[in-house]
Amino acid sequence: MNAVRHASSAQTSVKDRCDAVRRKLNGFPRVSLAHLPTPLEPMDRLSAHLGGPRIWVKRDDCTGLSGGGNKTRKLEFLMADALAQRADCVITQGATQSNHARQTAAAAAKLGLACHILLEDRTGYVDPAYTDNGNVLLDRLHGATVDRRPGGADMAAEMKTFAERLRAEGHRPYIIPGGGSNPVGALGYVNCAIELLTQAAETELDIDHLVHATGSSGTQAGLVAGLAAAESDLDLLGIGVRAPQEKQETMVHDLARRTMDHLGAGFEIPRDRVRANCDHVGPGYGLPTEAMQEAVRLLARLEGLLFDPVYSGKGLAGLIDLVQRGEFGGARNIAFLHTGGSAALFGYPDLFSSN
């Protein structure tokens, strides 16, 4: 793959292509929730430790809202849509230690909307540190109601039923899918792709690969659509934290195509533009792996950065494994998208309590 600065359509500059996508994004309702642009910083101690390409981190843990995280970008568009539909409350769902739920609760609080969260038990953990600390504590601190559902529940149906009950009580609920992953929410990561391309161009940084954790598919789908709309051939790889490879890639490709249609940019997205490495899911979503624990400890001690056990930590473990195995041979610069989530560390205290 060519680097970012040498993308296709040489007749137009990166700035011109990015500006064209920004004009498309400006046509959608949006509220300001995030501190943008987020920093793009080198992780030179990690790079030296691994002995591979120079690794950079795109700090979406610094979006600001309730400790930051990737969902805030999506919520800028989702909450604007809720307000446009005159909603007085929002409903969303996620796993017990959902970063998305926390950020949704915070966004609702900031905008004066009630927030109702349905949490699915995907791990079977009963330790109060897991069930009531970390993100769950913050959900409640932001004023959200929290209702539990068993593992395997049809969470979309559960939200629909909950919304019907609220409507019967005279409320106007707006349903946000898990992870904020629909074409409206994915616009937040179309915007992130444009932001990253602009940062790279302005600093004359050739990024060969962009790596990130992928789960509910909205972050990766938005990045895929944004890069395609900007005619960039930057290599993008998702590290799966949830599903087998074929299922993960299919979900991302479907949502990326729907996001492109919603954006109205008119570009096709070939299936081979979507890649996910799902070797680091481990025993399941939210269930720890040794590689994740090692990666979280390593970055805390080498770079002073906190990653979470569920999502960004597994993505980081995947990146480290691929660098160590020489999978990025010939690359000079790799960017890793830090999706935040450090509040979840407090739901897994026993994993990191010893030296």
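Helices (H or I, at least four residues) and strands (E, at least two) are DSSP runs here, numbered from the N terminus. What you're looking at is a predicted model, where local features need pLDDT of at least 70, side-chain atom pairs count only at pLDDT 80 or more, and totals for chains, interfaces and linings use all residues. Residues are numbered from 1 along each chain as its sequence is written, and side-chain values use heavy atoms, with hydrogens and water left out.

Let's start with the whole chain. Its secondary structure comes to 13 helices and 10 strands. The radius of gyration (taken over C-alpha atoms) is 19 Å, close to the 20 Å that the globule rule gives for 355 residues, so the chain is as compact as a globular protein of that length. That rule is 2.2 Å times the number of residues to the power 0.38. Along the principal axes, the C-alpha atoms fill a box of roughly 60 × 50 × 35 Å. Of the 355 residues, 59% are buried, meaning under 20% relative accessible area, while exposed means over 50% and partly exposed is in between (1.4 Å probe, protein chains only). Take contacts (heavy atoms within 4.5 Å) between residues at least 6 apart in sequence: 80% of them join residues at least 24 apart.

Now for the loops. Between β7 (209-214) and α9 sits Ser-217, with a positive phi near 95° even though it's a residue other than glycine. Ser-217 is buried, at a relative accessible area of 6%. Arg-86, also not a glycine, has a positive phi of about 60°. You'll find Arg-86 in the loop between α3 (71-84) and β3 (89-95), and at 56% relative accessibility it counts as exposed. Another loop, between α1 (14-25) and β1 (40-42), holds Pro-37. The peptide bond from Leu-36 to Pro-37 is cis, with omega near -5°.

Finally, follow the chain to α8 (residues 183-202) and α9 (residues 218-229), which pack at an angle of about 50° with their axes 7 Å apart. The two helices are therefore oblique to each other, a label for angles that are neither under 35 degrees (roughly parallel), over 145 (roughly antiparallel) nor 65 to 115 (roughly perpendicular). Residues making this contact include Ala-186, Tyr-189 and Leu-197 of α8, and Gly-218, Leu-223 and Leu-227 of α9. The residues of the contact divide into 10 nonpolar, four polar and no charged. Here Ala, Val, Leu, Ile, Met, Phe, Trp, Tyr, Cys and Pro count as nonpolar, Asp, Glu, Lys and Arg as charged, and the others, Gly among them, as polar.

Methods
Axes fitted to C-alpha atoms, helices over the stretch in contact; angles between N-to-C directions.
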